[in-house]
Amino acid sequence: KEKKPVIVSMGSVAASGGYYISAPADIIVANPSTITGSIGVFTLFFDLSELYAKIGLSKEVVKRGKIADLGSTFRARTPEEMDMLRDHITKFYQGFIEKVAQGRKQTVAEIDKVGQGRVWTGRQAMKVGLVDKLGGLSLAIELAKEKIGLSEDDEVLIMHLPAARFSLRALLNEIGFSVSETPPWPAWLRQSVSQLVQLSSLAAEPYLALLPLRFSVK
């Protein structure tokens, strides 16, 4: 923002963290139905110790630090831990509304009134000062061009990030060969194309590592 104007165009949802990164922008554009706001902080812990006892599941904890197993589902949080978490959340929320207040040029008290985890539509958010304009990406581009002194007729390059990864399936479909259907190809060609599609899918997708166990509770 120190070097160039920042215009935010909100899509269908831009709440909580979405609003956190939008707040410093020069102009925020949202659709009338955009789900936004949710200026708040919460944390969630599960205590499943009674369930584990019922199904006979036990665990031995080895830790370096008093609260190293704070997120464990095998026990409840102590009163001291709850106080620590409450203090952490309060400070986080305070920092959140201060950043929004600075970005929206309002007082912290004013942002707190529309914060506290409340969720607004884009139209409502505009009324309470969290959004500047109602519209979509096209309007945001027009505003950005205006900010940097371009005319309406000047062409701009739109970069979509992250960049789309190569997909052999998409390429084949693009040129008219539907992989989902059985094309009138020789068996060896169908098999080769199928294997290539599978390999390209593996190369394009991130790997997922799972623990070598699964359990279900009935």
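Which side chain meets D87 in a salt bridge? The partner is K91, and the N to O distance is 3.3 Å. A salt bridge here is a side-chain nitrogen of Lys or Arg within 4 Å of a carboxyl oxygen of Asp or Glu. The model is predicted: local features need pLDDT of at least 70, side-chain atom pairs count only at pLDDT 80 or more, and totals for chains, interfaces and linings use all residues. Residues are numbered from 1 along each chain as its sequence is written, and side-chain values use heavy atoms, with hydrogens and water left out.

The structure holds 7 salt bridges. Side chains of opposite charge can pair when their charged atoms come close. D87 and K91 both lie in helix α3, 4 residues apart, about one turn of the helix. Helices are DSSP runs (H or I, at least four residues), numbered from the N terminus. K91 counts as exposed because its relative accessibility is 57%. D87, at 39%, counts as partly exposed. Exposed means over 50% relative accessible area, buried under 20%, and partly exposed in between (1.4 Å probe, protein chains only). Other salt bridges share partners, joining K63, D69, R75 and E81 into one network.

E81 is buried, because its relative accessibility is 6%. R75 is also buried, at 19%. Helix α3 holds another pair, R86 and D83, which lie 3 residues apart, about one turn of the helix. Their side chains form a salt bridge of 3.0 Å, N to O. R86 is partly exposed at 47%, and D83 is partly exposed at 48%.

Q102 also has its place in helix α3, which covers residues 79–104. Q102 is exposed, with 66% relative accessibility.

E142, E146, E152, D153, D154 and E155 gather in a patch of negative charge. Patch residues have over 30% relative accessible area and no salt bridge; like charges are joined within 9 Å, and nonpolar side chains (Val, Leu, Ile, Met, Phe, Trp, Tyr) within 5 Å. Asp and Glu count as negative. E146 lies in helix α6, residues 137–147, and is exposed at 62%. The nonpolar patch is made by I148, L150, V156 and I158, with an area of about 320 Å². Accessible areas come from the Shrake-Rupley method with a 1.4 Å probe. I148 lies in the loop between α6 and α7 (168–174).

Methods. Helices (H or I, at least four residues) and strands (E, at least two) are DSSP runs, numbered from the N terminus. The place of a charge is taken as NZ of Lys, CZ of Arg, CG of Asp or CD of Glu.
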